[in-house]
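Please consult the sequence and coordinates shown below while reading.

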Amino acid sequence: MKDDKRLRRKVRNSYIVSTVSIALVLFLLGSVGYLMVAALKVADTLQESIAVTVELKRETTPERRDAIEKRLAAEDLVATIAYVPKEAKLEDKEFRKMFDSAFEEILEENPLLDSFELTLTPASADKELLAEFIAAAERIERVDRVSYPALMAERLHATVGKIRLVLLLFGGALLLISLILVSNTIRLAIYSKRYLINTMKLVGATKWFIMRPFLGSSVTQGILSGAIASVLFGVAVYGLNEAVPELLTIAEAGKIALILGAMVAGGVLISGVFTFAALNKFVNMKSNKIYLY
């Protein structure tokens, strides 16, 4: 009787340990994934913040200006486009700070040009595509010149590329380490039940009959682990968004729901796959080896 109680207690403890381990791994992976998505979104926003100025020649008609705007807006690299008349540029605070009132005293007319201010998509990181776009914009009729901070953009794109690479390597390494830890935890849990498995084999139970309750339990364990991880993740995201409200514009509710669903599905998948692998090993192992294992 005492041996049975001790055995049940060990089985229960191993089940709890493996469930908590899977839940913590899922929470860690979900949190890192969330932060990676947020970091990549910020990187894309930085890339889109670089402006391209397309200045128009003087006396460009409104009709021709509208045609140029449609032509630029149709380009795949263009994220946003805004028309800036030369009068608005004259009222710019930074421009006024540079020239003050002496500007009007020296010149009788506004020397500035009407222009379109463009922001580009992350695809502008491709130098060839960007060069083709700039060249095409300069060839448009009634376009005087195209200004673009090429050096700053090149450095920014290079930095963003390095950030993406570091995040992907970090995420991949974390995923691999986490899976190894979960695999060992589940294998130890199955190892504690090896004598039960062997007893079922000795009384003539088939392989599927032995594995079925363990696999069913692994599905329940995966759902429970995913639910625990989802609760922890939800609390963490809520606290993070309270501390940094700007993240609300980065992580939409749909993405949060997707991560929560992935945690539950990942819990079932991880628990089921590793449980099956560990069970298959002990079910196919000969009885004399189980006692020596």
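## A buried phenylalanine and its strand

Phe116 counts as buried at 0% relative accessibility, where buried means under 20% relative accessible area, exposed over 50% and partly exposed in between, with a 1.4 Å probe and protein chains only. This is a predicted model, in which local features need pLDDT of at least 70 and side-chain atom pairs count only at pLDDT 80 or more, while totals for chains, interfaces and linings use all residues. Residues are numbered from 1 along each chain as its sequence is written, and side-chain values use heavy atoms, with hydrogens and water left out.

Phe116 is found in strand β3; helices (H or I, at least four residues) and strands (E, at least two) are DSSP runs, numbered from the N terminus. With neighbours within four places in sequence left aside, the contacts of Phe116 (heavy atoms within 4.5 Å) include Val52, Val54, Leu56, Ile68, Leu72, Ile81 and Tyr83. Ile68 is 48 residues from Phe116 along the chain, and their C-alpha atoms are separated by 9.2 Å. Strand β3 (residues 115–120) has five of its six residues buried, so the strand is largely enclosed by the rest of the structure.

## The sheet

The chain holds 11 helices and four strands. Two strands are taken to pair if DSSP finds at least two bridges between them. The pairings are listed below.

| Strand pair | Sense | Bridges |
|---|---|---|
| β2 (residues 78–84) and β3 | antiparallel | six bridges |
| β1 (residues 51–56) and β3 | antiparallel | five bridges |
| β1 and β4 | antiparallel | four bridges |

Ser115 in β3 stands opposite Glu55, and Val84 also stands opposite Ser115. On the β4 side, Ser147 is the bridge partner of Thr53.

## Nonpolar cores

Which residues have the most contacts inside the largest nonpolar core? They are Ile190, Ile197, Phe233 and Leu279, in a core of 25 residues. The elements that give two or more residues to this core are α1 (2–48), α7 (150–191), α8 (194–202), α9 (207–243) and α10 (253–283). Helix α10 supplies the largest share, eight residues. Apart from this core lies another, of 20 residues, among them Val54, Val78, Leu120 and Val143. A nonpolar core is a set of buried Ala, Val, Leu, Ile, Met, Phe, Trp, Tyr and Cys residues joined through side-chain atoms within 4.5 Å.

Beyond residues up to four places away in sequence, Phe233 touches Phe27, Gly30, Ser31, Tyr34, Ile256, Ile259, Leu260 and Met263. Ser178 lies in helix α7 and is buried, with a relative accessible area of 3%.

Over the chain, buried residues make up 33% of the 293 residues. Of the contacts with a separation of 6 or more, 85% involve residues 24 or more positions apart.

Most residues other than glycine have a negative phi. Glu59 has a positive phi near 60 degrees; this residue is found in the loop between β1 and α2 (62–73) and is exposed, with a relative accessible area of 78%. Arg142, which is not a glycine, has a positive phi of about 75 degrees. Its place is in the loop between α6 and β4, and Arg142 is partly exposed at a relative accessible area of 28%.

The count of cavities of 30 Å³ or more comes to one. On a 1 Å grid over the protein atoms alone, a cavity is a set of points where a 1.4 Å probe fits but cannot get out, and lining residues have an atom within 4 Å of a point. Grid points are joined across faces, edges and corners, and a volume is the space filled by probe spheres set on the points. The largest cavity holds about 30 Å³ of space and is lined by Leu56, Lys57, Thr60, Arg65, Tyr83 and Asp114.

Terms used:
1 Å grid on protein atoms, 1.4 Å probe; cavity = no way out; pocket = protein on both sides within 12 Å on 5 of 7 lines; lining within 4 Å.
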